[in-house]
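Thanks for coming. I will go through one protein model today, starting with the overall layout and then a few residues.

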Amino acid sequence: LEVEEFKAIEWKIKISLFIGFALICIVLITYFSNFHGSLSKNDSTWGTFGDFIGGTLNPILAALGFYWLTASIRLQLKELRDTREVLKETAIHQEKLAELENINVETQKKLFEIQQLTLEKQIIASKAQQEQISLQNFENIFFQLLKTKKESIDSIYYEYPSFREEKIFTGQNAIKQLTQKLQYQSDSISTYYNHELTEYFSSYFRITYETIKTCDDFINRTENINNFKYINILGATLTINELKILFFYCLIDKE
């Protein structure tokens with residue numbers, strides 16, 4: 001019930017009490033003023049007084065009691081209706097809360113899926129970045145080794161003894177002369193290499209070996225078939241004379 005309704009009920013109760021008390025006073029005053037001036041000692045008189053009071057006040061008080069009985073029933077019915085309305089509204093509210101909770105669960109699920117996809121993309125991007133960094137590091141080393149190999153070739157020189165004059169060959173020309181001389185040696189290839197050619201090609205062979213090993217390690221670490229292009233690049237830098245000297249190098253027994 002609202003505050004105004006409580007105040008109205010309290011006011012009606014006060015009015016009812018006032019009416020009941022006033023009626024009792026009116027009946028008593030009417031009786032004593034019209035029939036007896038003082039209290040009687042006769043039983044029959046008291047019986048008549050009781051019948052008068054009961055016959056006069058009982059209907060009025062019963063009517064007031066009936067009014068408040070019906071009023072209380074109405075109040076209870078109203079409370080019951082209000083309770084039903086509240087329960088109905090509560091049920092509707094609970095259903096809406098359940099729907100909102102389901103929506104929230106679905107939203108959280110979608111957010112989790114989005115976060116998972118984002119994490120997977122970040123992992124892929126991080127892996128791609130690491131591969132790119134690894135590729136850049138490898139390429140720096142690889143091309144530096146190619147540059148070093150070229151420098152080692154340029155540093156090779158060979159003095160060809162002649163009756164007329166000594167001829168000096170450098171770089172690829174020196175490799176060509178030494179390769180031709182290697183083909184016509186009477187000694188074994190191993191003996192000739194270990195005693196004559198070590199000082200010319202030891203640095204070149206080590207650098208070439210390190211370049212091939214670096215490419216091989218990089219190919220084993222990655223699963224990209226395009227990585228074989230670096231072996232092809234290395235092969236493209238090898239001249240026919242280099243291939244010959246490498247062929248003999250693979251045949252001989254190193255000391």
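How many helices and strands are there in the protein chain? There are six helices and two strands. Both are DSSP runs, numbered from the N terminus: helices are H or I with at least four residues, strands are E with at least two. Read from the N terminus, the order is α-α-β-β-α-α-α-α.

Before going on, this is a predicted model: local features need pLDDT of at least 70, side-chain atom pairs count only at pLDDT 80 or more, and totals for chains, interfaces and linings use all residues. Residues are numbered from 1 along each chain as its sequence is written, and side-chain values use heavy atoms, with hydrogens and water left out.

Now burial. Of the 255 residues in the protein chain, 21% are buried. Buried means under 20% relative accessible area, exposed means over 50%, and partly exposed lies in between, using a 1.4 Å probe and protein chains only.

Next, contacts, meaning heavy atoms within 4.5 Å. Take those between residues at least 6 apart in sequence: 63% of them join residues at least 24 apart.

Two residues to look at. Ile73 sits in helix 2, residues 43-154. Is Ile73 buried or partly exposed? Its relative accessibility is 41%, so Ile73 counts as partly exposed.

Lys176 belongs to helix 3, which covers residues 171-183. Lys176 is also partly exposed, because its relative accessible area is 37%. Tyr158 is 18 residues away from Lys176 along the chain, and their C-alpha atoms are 10.0 Å apart.
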